[in-house]
Amino acid sequence: MNTVTTPADTELDFTRKEILRVFGAQRITALRLRQSTKAERLQKIRKLKAALLKHRDAVIAAGQADFGKPAAEVELTEILPVIAEANDAIRKLGRWMKPKKVWPSRMMIGTSGYTQYEPKGRVLIVAPWNYPVNLSLGPLVSALAAGNTAIIKPSEMTPHASAVIGQIIREVFSEDEVAMFEGDAPVAQALLDLPFDHIFFTGSPAVGKIVMAAAAKHLTSVTLELGGKSPTIVDETADLKAAAQNILWAKYTNNGQTCIAPDHIYVHASVKDEFLEHCRAALESAYGKTAQQADSPDLARIVNLRHTARVKNLLDDATSRGARIVTGGLVDEAQRYIAPTLIDGIPADAKIMSEEIFGPLLPIIAYEQLDSVIARINADPKPLALYIWSRKQEHIARVMQQTTSGGACINHCVVQFLHGNLPFGGVNNSGIGSGHGHHGFLAFSHERAVVRTRIMLASMFYPPYSGWTRKLVSLFIKTV
């Protein structure tokens with residue numbers, strides 16, 4: 001049977017061969033890096049940081065080309081987090097790498113023990129399109145700190161950002177240390193088919209399941225930073241003006257295309273109208289009146305036409321079922337523009353209540369009893385983030401004790417991502433494992449348990465077993 005090879009097939013075959021070649025070369029480097037020193041690792045991190053700052057203007061231009069992002073937003077969300085991650089590693093890597101001594105348990109008297117941190121080896125970083133530079137290079141800092149080689153697969157949906165990332169990688173690293181491969185699903189699959197020592201994936205829960213299934217074939221460990229519908233609660237005691245300003249800043253940064261953005265807001269019925277007035281004022285202050293917002297230089301665009309149509313479909317479905325647009329609602333698909341939109345009165349069966357929005361639509365849901373909100377949150381998959389605005393400690397404590405989420409903020413939104421001393425990650429449907437700072441170092445490290453014997457007490461339990469042996473075991477059972 002004859003087959004016809006298209007140019008696309010030929011290119012994919014070439015890419016697969018290149019992936020295998022680089023993956024093989026990185027094996028040799030990974031073995032060498034098991035003995036890498038703090039100085040060697042820090043040199044790489046410093047060079048990466050310097051290259052990112054050198055290409056600062058190019059990163060800003062790429063954000064504008066891919067998303068229409070304002071320069072300040074690119075610097076805040078793409079460049080600053082990577083620089084902070086690098087600086088944290090530079091300051092603390094010596095402490096992270098140092099073996100940790102542990103006290104012997106009662107059964108281990110006569111021994112000493114410690115945990116030794118070792119590179120996992122060859123790692124794969126699969127980055128998403130919404131913050132392509134941040135979510136490629138941030139995990140790379142952690143991988144380098146832990147002493148690994150890495151292959152990065154950025155999203156094909158942000159080609160300008162990918163080009164800058166590739167330029168930075170090529171300037172700083174040889175391909176047997178860090179390499180990058182671009183392409184769509186077949187390229188990603190070619191990478192996932194390989195027996196990496198760790199995979200760090202950021203993206204949707206649906207694709208996260210594919211990554212985890214591929215990793216299972218090789219028993220590869222994974223860190224999955226996924227998403228979900230992050231709920232926000234504004235109770236009757238909250239500072240409504242501060243809540244409105246902060247929630248809408250968190251929501252409409254990157255035009256809602258943020259995995260930890262507030263997905264929907266539960267507002268106490270007694271303050272809903274006042275809260276909505278503060279929201280209208282906050283939107284106008286940030287982006288102008290609704291009719292002017294399409295011209296705002298401070299509002300990014302949706303990444304592509306397909307996602308614009310997807311978000312518009314959520315809006316159309318909600319309004320067709322009786323939902324009311326409080327503000328916004330304007331759509332220009334050709335310009336990838338949907339106005340910042342607040343929606344009220346959404347029926348429970350609307351798609352927007354079950355699908356992750358990842359766009360500039362924000363449902364407002366009135367509530368009377370906090371217990372009902374907690375019950376609704378617990379009925380849904382565990383979210384990546386949860387936010388509560390309240391001045392009442394009892395309400396805060398109930399929400400924190402009776403719900404779960406990857407992370408949470410009290411009287412703030414999204415800043416948990418920027419807190420370098422906290423783990424960032426999800427739980428179940430919203431993710432597995434965590435990253436950032438020391439937690440990122442641990443994600444890319446193997447914690448090797450080491451026991452060193454000083455007194456061979458175990459010899460008392462060697463066979464042949466006697467009555468004395470059983471008496472010793474009985475004594476240990478009572479005392480350990």
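Which residue in β14 stands opposite Leu-342? I found Leu-362 there.

The model is predicted, so I kept to its conventions: local features need pLDDT of at least 70, side-chain atom pairs count only at pLDDT 80 or more, and totals for chains, interfaces and linings use all residues. Residues are numbered from 1 along each chain as its sequence is written, and side-chain values use heavy atoms, with hydrogens and water left out.

Strands next. I took helices (H or I, at least four residues) and strands (E, at least two) as DSSP runs numbered from the N terminus. Strands pair if DSSP finds at least two bridges between them. β13 (residues 341–344) and β14 (residues 361–367) run parallel and are joined by four bridges.

I then traced the whole sheet. It is open, has seven strands with mixed pairing, and its order is β10-β13-β14-β9-β8-β15-β16. At the edges I noted β10 (324–327) and β16 (407–410), each pairing on one side only. Neighbouring strands are turned by 25° against each other on average, direction ignored. Axes are lines fitted to C-alpha atoms, for helices over the stretch in contact; angles run from 0 to 180 degrees between N-to-C directions.

Helix α9 (residues 240–252) packs on this sheet and touches β8 (231–234), β9 (264–268), β13, β14 and β15 (385–389). Its direction makes about 145° with that of β14. Contact means heavy atoms within 4.5 Å.

I picked Ala-244, which lies in helix α9. Beyond its neighbours within four places in sequence, Ala-244 is in contact with Phe-275, His-278, Cys-279 and Ala-282.
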